Amino acid sequence: ACRFPPDCYPNAMRVTIKDVSRIAGVSIKTVSRVLNKEKYVSDETRRKVEEAVAALNFSPSLAARTLAGSRSFQIALIYDNHSPYYIHAVQEGVWNRCREEGVRMLAQPVDVDSPTLALEIGGLIDETHVDGVILSSPVTDAPAALAELERRGIRFVRISPGTNHALTSSVFMDDVQAADDMTTHLINQGHKRIGFVIGHPNHMASDQRHFGYRRALDRAGIAYEPELVRPGTFDFESGMAAAEALLKLAQKPSAIFASNDDMAAGVLSYAHRVGLDVPQDLSVAGFDDTPLAQLVWPPLTTVRQPVLELAYAATDQLFCPDPAIVHQRLQHEVMVRGSTAPLRKS
């Protein structure tokens with residue numbers, strides 16, 4: 001049963017911070033401190049306020065919380081990514097942590113090649129007064145974005161940066177090792193002619209995954225052949241185009257490793273179109289382990305990048321009161337499914 005009588009708050013639809021203050025027997029400023037999770041509030045006082053909040057079913061608005069202090073209780077996720085599956089996971093990870101904190105997430109797409117990138121980011125901050133920013137690849141390495149945030153002195157955390165690691169806190173996974181592991185998996189299945197589709201040139205991860213592919217070949221004593229490497233832009237269409245070019249070579253690859261799942265799906269589609277059996281005629285591997293990986297046929301062997309967990313961890317770092325720079329690495333995993341198989345003997 002409620003410990004507070006209903007006549008203390010006759011109109012439940014209009015409960016305010018003043019009602020919480022009256023029921024808890026503390027000042028409005030103290031209630032605000034508890035709601036804002038500030039320090040220097042005794043455990044007993046915090047308990048009284050939390051009990052009053054629960055009894056009144058009080059939910060403070062962002063506007064009210066902003067007026068009570070210097071925070072806006074909003075953060076911005078700034079991104080530029082061609083894979084809808086990837087960015088959806090990033091948004092979900094950030095939003096999950098924001099929900100726990102009672103903070104609003106603002107998702108802002110940008111074009112990292114735009115000459116007005118800094119102005120766009122500055123305008124976002126001026127209009128919303130966000131308390132902090134999460135940067136997703138490739139914005140995480142965009143010099144104009146980094147310089148603008150540094151100039152304004154706003155706190156930000158980066159997901160998978162490839163440069164300026166000492167600049168700010170970050171979360172990442174080892175893209176080089178992940179690509180090395182997938183290439184090694186294909187080599188262990190007997191494949192020696194392994195095609196590779198590089199990702200978008202704006203993403204540092206594209207170069208890192210390419211390097212991992214080359215490193216695995218070198219360790220296995222397999223010569224690197226530039227003709228087996230094709231450019232991509234992290235989308236389905238570029239995967240199809242890369243597959244067409246690779247499968248028209250006089251000496252076709254027996255496996256193709258695309259550096260994200262969208263491009264791998266494009267490789268699969270082209271292989272089906274020209275009548276190849278996957279994986280008997282051609283093994284196909286991807287990267288990210290997005291939902292798409294299990295929607296295609298056969299399901300993709302791919303590197304599981306913990307995208308949602310990366311975004312959640314980055315947001316958790318942003319909310320940490322300790323300003324120390326922290327770099328947190330999360331683990332990847334090679335997910336073996338039906339799109340790869342041992343090399344068939346001719």
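Strands, like helices, are taken here as DSSP runs, a strand being a run of E of at least two residues, numbered from the N terminus. In the predicted model described here, Arg 158 has its place in one such run, strand 4, which spans residues 155-159. With a relative accessibility of 0%, Arg 158 counts as buried, because that class takes in values under 20%. The side chain of Arg 158 comes to 2.9 Å from the backbone oxygen of Thr 140. Beyond its neighbours within four places in sequence, Arg 158 is in contact with a set of residues that includes Leu 135, Thr 140, Asp 141 and Leu 146, and also Thr 163, Asn 164, His 165 and Val 171.

Strand 4 and strand 5 (residues 170-172) are paired in the parallel sense over 2 bridges, and Ile 159 stands opposite Val 171 of strand 5.

Together with helix 5 (residues 84-101), strand 1 and strand 2 make a β-α-β unit that is right-handed.

The model also contains an open sheet in which 6 strands follow the order 7-6-8-9-10-12, and here the pairing is mixed. Its edge strands are strand 7 (229-230) and strand 12 (333-335), each pairing on one side only. Strand 12 runs antiparallel to strand 10 (residues 301-304), to which 3 bridges join it, and Arg 304 is found opposite Glu 333 of strand 12. Helix 8 (residues 175-188) lies across strand 6 (194-197), strand 8 (255-258), strand 9 (283-288), strand 10 and strand 12, and its course is at about 165° to strand 9.

A further packing arrangement involves helix 2 (residues 28-35) and helix 3 (residues 43-56), whose axes are 10 Å apart and which pack at an angle of about 85°. Helix 2 is therefore roughly perpendicular to helix 3, since angles of 65 to 115 degrees count as such. In this packing, Thr 30, Val 31, Val 34 and Leu 35 of helix 2 meet Thr 45, Arg 46, Val 49, Glu 50 and Val 53 of helix 3.

The loop between helix 2 and helix 3 holds Lys 37, which counts as exposed because its relative accessibility is 53%. When residues up to four places away in sequence are not counted, Lys 37 touches Arg 46, Glu 100 and Glu 101. Although Lys 37 and Glu 101 are 64 residues apart in sequence, their C-alpha atoms are 9.5 Å apart in space.

How values were computed: Residues are numbered from 1 along each chain as its sequence is written. This is a predicted model: local features need pLDDT of at least 70, side-chain atom pairs count only at pLDDT 80 or more; totals for chains, interfaces and linings use all residues. Side-chain values use heavy atoms; hydrogens and water are left out. A crossover is right-handed if, with the strands pointing away from the viewer, the path from the first strand over the helix to the second runs clockwise. Helices (H or I, at least four residues) and strands (E, at least two) are DSSP runs, numbered from the N terminus. Buried means under 20% relative accessible area, exposed over 50%, partly exposed in between (1.4 Å probe, protein chains only). A polar contact is a pair of N or O atoms within 3.5 Å; within protein, one must be able to donate a hydrogen and the other to accept it, and residues adjacent in sequence count only if both atoms are side-chain atoms. Contact means heavy atoms within 4.5 Å. Axes are lines fitted to C-alpha atoms, for helices over the stretch in contact, and angles run from 0 to 180 degrees between N-to-C directions. Angles under 35 degrees count as roughly parallel, over 145 as roughly antiparallel, 65 to 115 as roughly perpendicular and the rest as oblique. Two strands pair if DSSP finds at least two bridges between them.
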